[in-house]
Amino acid sequence: MRKKIVMAGICMAVLFTGCGMPDAVADELERVSPSAGMAVYGEWQRDAFVGAVTEAEEHAEGTTVAVSQKTAERMEKLGAFLEKAMAEGLIGVGDGDGEEDMDEDETGVKDLKNWRTFAEDKTCIFMGSSSGITASFCVAADKIKEFLNGMTGIGFTGLAVPAKNEEDGYSEQVSQGMNFTMNYASDGEDEDYGSSGKYDITVEVPVYSLVYPEKYRDLLDGHMKNAFCLSAVFCGGDLELVSFTGSRWSPVNQYTKRAEVIFKDGKPLQMNITIDEGFRGKVGELFTEAEKEDLTGLITWMTGDQERSADFVENLGKSKEKSGTIGNRKWYRQEKWSAMAELIRFQ
């Protein structure tokens, strides 16, 4: 079952939002697109960027692709677990309205196990967000903790139960590089789920996390594979981009993190990381332990300095510094959108 991923799209909101700090991407766009002119700040950059990543689109057809064995193994393990859970009645696949239950083909569970079908497509043109390998099912609210314990047992750690109310009952949580959407639904006296209600769950695996450009193997298969989900890949133009997004509205951490790396001639030109507050404002720890691990690895990959990268991530929430150096890279930070978000830039 394939459908368009709607988690983060192109992440253009992250690009070009650092007015007042050095911007190597904007400088490069002025060089490759001098006719774009300086319209309202940001508009010409978006147009120029789209041109920079698409004008050589024909090159993308010749992009050498690789298959992530790590993602494949995770898909197989998850598919087998969901198949067993379905057989044992731990998860349901009906809609709760009296209609007949769907089989595995309709839920997408078999697609998780049959990853080779997707990996056989060697004609990927990496021009944005990929289609997703998707599975959807339901779990009764009184069984949700048992389900999540089972997920932890196969390596999908960090998933938490959303609240049983409309305001807090929805979340998007990333584990093992996959996005789990959970939505609480009160079904009253539904014969299948009783008065406790149920959780509708959808798991999405971006195809690009399974099949991706070979030249970015180290980044895509070695980093950002647990607490972040690959959301877009642009490959083939003057500038190339890879972006990631983390959990949103998580019960354990209200902050939303996104990261993107912009490449020139196959080398990282700039990296942007944004942190958005949740609707409750600045509460709790800035990062989960899984996010710390992923972001430390990403910054180390960018800067070459593991020790200082780990220190940077650990102390970011407490530090007031606005710029500095890690390894061979300069970094800058700036509050955005009336201090409800923050942009950290490496170049």
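Phe346 touches Gln270, Met271, Ile273, Ile299, Met302, Thr303, Phe312, Ile326, Lys330 and Trp331, with residues up to four places away in sequence not counted. Contact here means heavy atoms within 4.5 Å. The model is predicted: local features need pLDDT of at least 70, side-chain atom pairs count only at pLDDT 80 or more, and totals for chains, interfaces and linings use all residues. Residues are numbered from 1 along each chain as its sequence is written, and side-chain values use heavy atoms, leaving out hydrogens and water.

Phe346 also belongs to the largest nonpolar core, which has 75 residues. Leu78, Phe147, Leu210 and Phe346 have the most contacts inside this core. Helix α4 (residues 69–87) gives the most to it, with seven residues. Another core, of six residues, lies apart from it and includes Val25, Leu29, Phe234 and Ile262. A nonpolar core is a set of buried Ala, Val, Leu, Ile, Met, Phe, Trp, Tyr and Cys residues joined through side-chain atoms within 4.5 Å. Buried means under 20% relative accessible area, exposed over 50%, and partly exposed in between (1.4 Å probe, protein chains only). Helices (H or I, at least four residues) and strands (E, at least two) are DSSP runs, numbered from the N terminus.

Ser68 lies in the loop between β2 (65–67) and α4. Ser68 counts as buried because its relative accessibility is 0%. Neighbours within four places in sequence aside, Ser68 is in contact with Ser209, Leu210, Tyr212, Asp221 and Lys225.

Eight strands form an open sheet with antiparallel pairing, in the order β3-β9-β10-β11-β12-β15-β14-β13. Two strands pair if DSSP finds at least two bridges between them. The edge strands, β3 (127–128) and β13 (323–326), each pair on one side only. Strands β12 (residues 267–276) and β15 (residues 341–346) run antiparallel and are joined by six bridges. Asp276 stands opposite Ala341 in β15.

Two helices lie across strands of this sheet. Helix α10 (residues 289–303) lies across β11 (256–264), β12, β13, β14 (329–336) and β15, at about 155 degrees to β12. Helix α11 (residues 306–315) lies across β13, β14 and β15, at about 145 degrees to β13. Axes are lines fitted to C-alpha atoms, for helices over the stretch in contact, and angles run from 0 to 180 degrees between N-to-C directions.

The axes of α10 and α11 come within 8 Å and cross at roughly 135 degrees. α10 is therefore oblique to α11. Angles under 35 degrees count as roughly parallel, over 145 as roughly antiparallel, 65 to 115 as roughly perpendicular and the rest as oblique. Lys292, Leu295, Thr296, Ile299, Thr300 and Thr303 in α10 meet Gln306, Ser309, Ala310, Phe312, Val313 and Glu314 in α11.
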